[in-house]
Amino acid sequence: MKNLRPIYFVQEATLVCILRETEGRSRRKKLHTMESSNKEEAAEIEKVEFDGSEIEYVSYGGEHHLPLIMNLVDQELSEPYSIFTYRYFVYLWPQLSFLAFHKGKCVGTVVCKMGEHRNTFRGYIAMLVVIKPYRGRGIATELVSRSIMVMMESGCEEVTLEAEVTNKGALALYGRLGFIRAKRLFHYYLNGVDAFRLKLLFPRSELDPSLPMMADKYESHVQSDHGDPKPNKA
């Protein structure tokens with residue numbers, strides 16, 4: 001699957017118009033409840049004991065997966081999203097979204113998109129979440145790696161995302177995967193925190209030959225990773 005560049009412009013433009021009308025109200029409502037919910041997290045979260053082989057990774061499979069993704073993101077991210085935002089991503093790029101399950105329970109997810117951006121075919125990581133008891137066991141690394149591999153196989157030349165400057169876990173994870181800090185975005189989030197725009201480049205001449213090498217690299221990270229990040233927000 002090389003250099004596949006599907007055209008989403010009509011659908012994307014329609015959904016963006018809907019998003020602009022609804023996102024503002026959703027953001028204000030969740031921002032109002034954010035502080036109270038954070039105060040309730042006083043008790044330390046106990047880690048869940050499990051073997052890595054018990055985690056099942058699946059690609060987005062349809063409407064039945066959407067509530068699972070929404071629940072995870074709503075629980076773990078301070079940035080609010082409307083249902084139109086989720087559908088914008090998973091309906092147009094279902095192959096880029098993955099979920100992690102442990103004994104039938106959804107414990108992590110990644111949501112992405114890809115498309116033309118300033119004469120570059122670019123992938124974008126919008127949401128990455130692993131619930132607290134399951135962090136630090138390589139689940140986030142595996143989720144991101146699967147999305148990145150699909151982006152590479154689809155012809156993306158780079159992948160970008162935003163992460164809080166205070167989110168050391170996320171910055172460390174993406175750093176291990178080869179992302180660089182391209183730009184600092186001041187007061188990027190609703191809570192006033194700055195963000196780093198992170199970027200992973202795939203040189204055209206090395207795109208295809210690098211696939212096996214990148215796969216091995218990601219597999220080694222999954223085996224050795226001991227620091228899943230807090231969920232990044234985009």
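Here is a short tour of the protein chain, ending at a pair of helices.

Before you click, note that this is a predicted model, where local features need pLDDT of at least 70, side-chain atom pairs count only at pLDDT 80 or more, and totals for chains, interfaces and linings use all residues. Residues are numbered from 1 along each chain as its sequence is written, and side-chain values use heavy atoms, with hydrogens and water left out.

**Select the whole chain.** Switch to cartoon view and you'll find 6 helices and 7 strands (DSSP runs numbered from the N terminus: H or I of at least four residues for helices, E of at least two for strands). Trace them from the N terminus and you get α-β-α-α-β-β-β-α-β-α-β-β-α.

The accessible surface is about 12,100 Å², with 54% belonging to carbon and sulfur atoms (Shrake-Rupley method, 1.4 Å probe). Of the 234 residues, 50% are buried, meaning under 20% relative accessible area.

**Now select residues 66-76 and 83-92.** These are helices α2 and α3, whose axes come within 11 Å and cross at roughly 125 degrees (axes are lines fitted to C-alpha atoms over the stretch in contact, with angles from 0 to 180 degrees between N-to-C directions).

**Show the side chains here.** On α2, pick Leu-66, Ile-69, Met-70, Val-73 and Asp-74; on α3, pick Ile-83, Tyr-86, Arg-87 and Val-90. These residues make the contact (heavy atoms within 4.5 Å).

How values were computed. Buried < 20%, exposed > 50% of the residue type's maximum accessible area, 1.4 Å probe, protein only.
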